[in-house]
Amino acid sequence: MPSSPERPARVTLGADGPLLVEGPVEVVGEDGTRYTSRRFTAAICTCRRTRTYPWCDTSHRRRVKPEPEPADGGGTESADGAA
């Protein structure tokens, strides 16, 4: 799909999210499959956790980074097991 001659297509990069592309947009997969979105902005998955590839379904949000454990082993229990 050709972009508008007035201005180029805009792609927004996010640190922990999808590529946001002002639409309409056509994505061509590695196997040549063409995916088309007529939305005003298309979210293209970059983490491959989506069930709707190549479109982002926010699956990347469900992955939670584990909290680092304290150096002393953590916990607030006393030696007798009471909290």
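Where does Arg 39 lie? Select Arg 39: its place is the loop between strand 4 (34–37) and strand 5. This is a predicted model, where local features need pLDDT of at least 70, side-chain atom pairs count only at pLDDT 80 or more, and totals for chains, interfaces and linings use all residues. Residues are numbered from 1 along each chain as its sequence is written, and side-chain values use heavy atoms, with hydrogens and water left out.

**Stop 1: Arg 39**

Stay on Arg 39. Its relative accessible area is 60%, so Arg 39 is exposed. The cut-offs are these: buried means under 20% relative accessible area, exposed over 50%, and partly exposed in between, with a 1.4 Å probe and protein chains only. Arg 39 touches both, leaving aside residues up to four places away in sequence. Contact here means heavy atoms within 4.5 Å. Arg 39 and Gly 23 are 16 residues apart in sequence, yet their C-alpha atoms are 5.7 Å apart in space.

**Stop 2: the whole chain**

Zoom out and colour by secondary structure. There are zero helices and five strands. Helices (H or I, at least four residues) and strands (E, at least two) are DSSP runs, numbered from the N terminus. Along the sequence the pattern reads β-β-β-β-β. The protein has 83 residues, and buried ones make up 17% of them.

**Stop 3**

Two strands pair if DSSP finds at least two bridges between them.

Start with strands 1 and 2. They are joined by two bridges, antiparallel. Val 11 stands opposite Val 21 in strand 2. Then move to strand 2 (residues 19–22) and strand 5, an antiparallel pair with four bridges. Here Leu 19 faces Ile 44 in strand 5.

**Stop 3: the hairpin**

Next, select strands 3 and 4. They pair in the antiparallel sense over four bridges. Together they make a hairpin with five residues between them, and Gly 32 in the turn has a positive phi of about 90°. Click Val 28: its bridge partner in strand 4 is Arg 34.

Now look at the two faces of strand 3. Which residues are on the covered face of strand 3, and which on the uncovered one? Val 25 and Val 27 are covered, while Glu 26 and Val 28 are uncovered.

**Stop 4**

Pick Ile 44. Beyond residues up to four places away in sequence, its contacts include Pro 18, Val 27 and Trp 55.

**Stop 5: salt bridges**

Show the charged side chains. A salt bridge is a side-chain nitrogen of Lys or Arg within 4 Å of a carboxyl oxygen of Asp or Glu. By this rule there are four. One of them joins Arg 10 and Glu 22 (3.7 Å, N to O). Arg 10 lies in the segment before strand 1 and Glu 22 in strand 2, so the pair ties together parts that are 12 residues apart in sequence.

Glu 26 has 30% relative accessibility and so counts as partly exposed. Arg 34, at 58%, counts as exposed.

**Stop 6: Thr 50**

End in the segment after strand 5, where Thr 50 is found. Is Thr 50 buried or exposed? Its relative accessibility is 12%, so Thr 50 counts as buried. Its side chain makes a polar contact of 3.0 Å with the side chain of Thr 52. A polar contact is a pair of N or O atoms within 3.5 Å; within protein, one must be able to donate a hydrogen and the other to accept it, and residues adjacent in sequence count only if both atoms are side-chain atoms.
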